[in-house]
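Let us walk through this structure step by step. Keep the 3D view open as you read.

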Amino acid sequence: MVETVDWAGVSVTRQGLYRFFGGALLSPVPGLREALCGAVEYLDGLGLEHFPFLAEWRDLRTVLETAAGPDLNTEYVRLFASGVDGALCPPTESWYLAEAKGGGIATLVSDVEQAYREWGFSAANSAEPPDHASTELELMSALCAREAEAWRSGVTPEVAHCLHAEDRFLRTHLAVWFPHFADRVAAVDAASFYTAVVRTANAFVLHEVDLVRSLVRQVEASP
Amino acid sequence: MNRVGTLVCRDGLDAAVLAELPVDTVLAEDLCDRLGAIQDLVNGAERLVLVLHDTRFSRASLQADVRAAGIDPLGVQILDASAFMIPSRVAPILAGARARAAAFTGSGPEHAKPVFDSLLSRRSLFAIPAPAYVAAPAIATEACAAADGCRMCVTTCPQDAYRWLEGRVAYDKDACEPCGRCVTACPTGAIESPAVTPDGIRAQIEAIATAAGAPVGIVFSCSRGQVAAMPDDWYSVTVPCTGMLDASWLCAPLLLGAAAVAALPCSATGCDRGNDDILVSSRSFALRMAAALGFTARMPEELTPLTSPPLAAFPVAAFSAGAAPEVFAALRAATAGDVAVIAGPGSPVGMIAIDAETCTMCTMCSSICPTGALRHAYTDDELLTLSFDTGDCTACEQCLAVCPEIERDAIALEHRVDFNALAEGRVILNEAATLTCQRCGIPIAPVAMMDRIAGLLGDDQAVMAHLTSLCLNCRGSS
């Protein structure tokens, strides 16, 4: 017995998850925790039990619902922004990969911006740089939205095009550095609100790499 | 220990079978037709054994139901109720499955590989099935020896899922068809798969042997093939692929309470992986071991009813990286065998020999050795020694691949288990005096290596004098 899936719906769920994590990693504003709780409730109804990151997602929900915890602003600044001794875990791709990829920070950021431009996006002129986790997650969210549209319109090449773009961005950028970022957050702070957010986001991103690639394979192999 | 729930589809099971079920078993009518009810039936269990009559269910859907119940689907043991037609087999099969489920340590997103049950046509693209997930291996980077040059996973993987990149291994989960061969090939145990953990396999075999209360045979079978009916006293232990079994895996069940052991090749189960040749090599060595220690009858070609009682059980750390010497030594003790050496191509233990005449002591072999079986060290009087412990050798042959003097037979590896050498432990294979820097006094290189270079350079004494008088640092600053 084979159960078929509404892939447009799955894309919408993924779009929502990317937006959720992107929003959670922006510098906090009053009411963020409540907004995230509301989003969790909404996303819970979208069939997350189909995905292997459900356990991490549930842990995050527990953290959101139970722990008031320290002031999110203080925690955010300490971990991701300036802090006393500089950011402990900068949520930016260039911090993790600029050296390894060669060419320095400017080249890497330029690469990321080029990826945005390919799809007609540009990073908003905000406090977060283009290679910030929230910005990269937002791009993936936008790509998922286009993918959902393509599934609905029934245009196969457009679906394939969207999946290829997601696959490329994940494998070239987001999924390459995010696990290092998650490791660093876990090492610095094992029990904070942001640790739970980043751990869950990392599980989601890792799963995305596998899911998108296997979908690409399906589309490519279809006779 | 994880709390294991047992959920059985009640339909068609007679009273004799029901009497054999553990008291905490949850029996459900029509379970095969309403798998969504699992969430309401598991009663807070952390692990699950599921007994179903109809195994044509949607894996994706079942996994979602199990996940929603808070249970990791990659650790669920699913049994076909047709195996329960003989009441005496019920308790051992269930005990084994429950023990294996209980030993499951959980999986992470890195272990879950999405798979689609069928390939689609372009026309049906918009009805892509939901993906199910299978357990894939993951690399524990802190234990991986790729930085030292090890690339066993790269050379072993039949799907080229591993690539060696500048001292690290890149794993392509998408290319991987999880067969587990990398798990047993990895000399340091850095590659783990939640589908086949040493604790899980051990627990299952021990539980089967204990619950049966009579001699049992253990047959390793693969998770993709079809296992034909077997004699009542044989029980199946599933692994991702029987091509992953080395000779120590084939022997270890005998130390855990089994009276006999076998493994089904791909050709016997209809699996398309075609790993018969690999299994033949491992089995051939296991049979050599059996012949030398007098238990060939415990490794039958065909699954026949058992006649021998089990050996005395030995608690061995079987099924893990580097466990083979311990398994073989325990087997020798259990059978009171007095054979000293068993050699053959399938041996997962190796013995290194160094030709002191041609070895230049360049230490390439010891530098790449992932388990530290080959080691080099400087003594206080600046003597460079090369030592070897066969108990740490997994016969991976990577030392042979890097030896620059291999054509002059400087190093040789024999696939063999040498019980005297195992007992002896670490031995010095070669040693060489070293040249020291005339300025700072640190060792530059072994004399033997410099002699070899001098031989290759011929009469260029000026270059040799330059090379042998100062170390690299002092040469740079002179």
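**A buried residue, an exposed one and a sheet**

B:Phe319 counts as buried, because its relative accessibility is 5% and buried means under 20%. Bear in mind that this is a predicted model. Where does B:Phe319 lie in chain B? Look in the loop between helix 10 (276–293) and helix 11 (324–334). The backbone deserves a look as well. B:Phe319 has a positive phi of about 70 degrees, although it is not a glycine.

Now turn to B:Asp160. This residue is not a glycine, yet its phi is positive too, at about 55 degrees. B:Asp160 sits in the loop of chain B between helix 5 (152–156) and strand 8 (162–165). Is B:Asp160 buried or exposed? Its relative accessibility is 60%, so B:Asp160 counts as exposed.

Next comes a sheet in chain B. Four strands form an open sheet in the order 2-1-3-4, and their pairing is parallel. Which strands stand at the edges? They are strand 2 (26–28) and strand 4 (77–80) of chain B. Each has a single partner strand, so one side of each is left without a neighbour in the sheet. On average, neighbouring strands of this sheet are turned by 20 degrees against each other, direction ignored.

Look at one pair of strands. Strand 1 (residues 4–9) and strand 3 (residues 47–52) of chain B run parallel, joined by five bridges. Here B:Val8 stands opposite B:Val51 of strand 3. Helix 4 (residues 87–103) of chain B packs on the sheet. This helix touches strand 1, strand 3 and strand 4 of chain B. The direction of helix 4 makes about 145 degrees with that of strand 3.

How values were computed:
Residues numbered from 1 in each chain as written. Chains lettered and ligands numbered in written order. Predicted model: local features only at pLDDT ≥ 70, side-chain atom pairs only at ≥ 80, totals over all residues. Heavy atoms only, no water. Helix = DSSP H or I, 4+ residues; strand = E, 2+ residues; numbered from the N terminus. Buried < 20%, exposed > 50% of the residue type's maximum accessible area, 1.4 Å probe, protein only. Pairing = 2+ DSSP bridges. Axes fitted to C-alpha atoms, helices over the stretch in contact; angles between N-to-C directions. Contact = heavy atoms within 4.5 Å.
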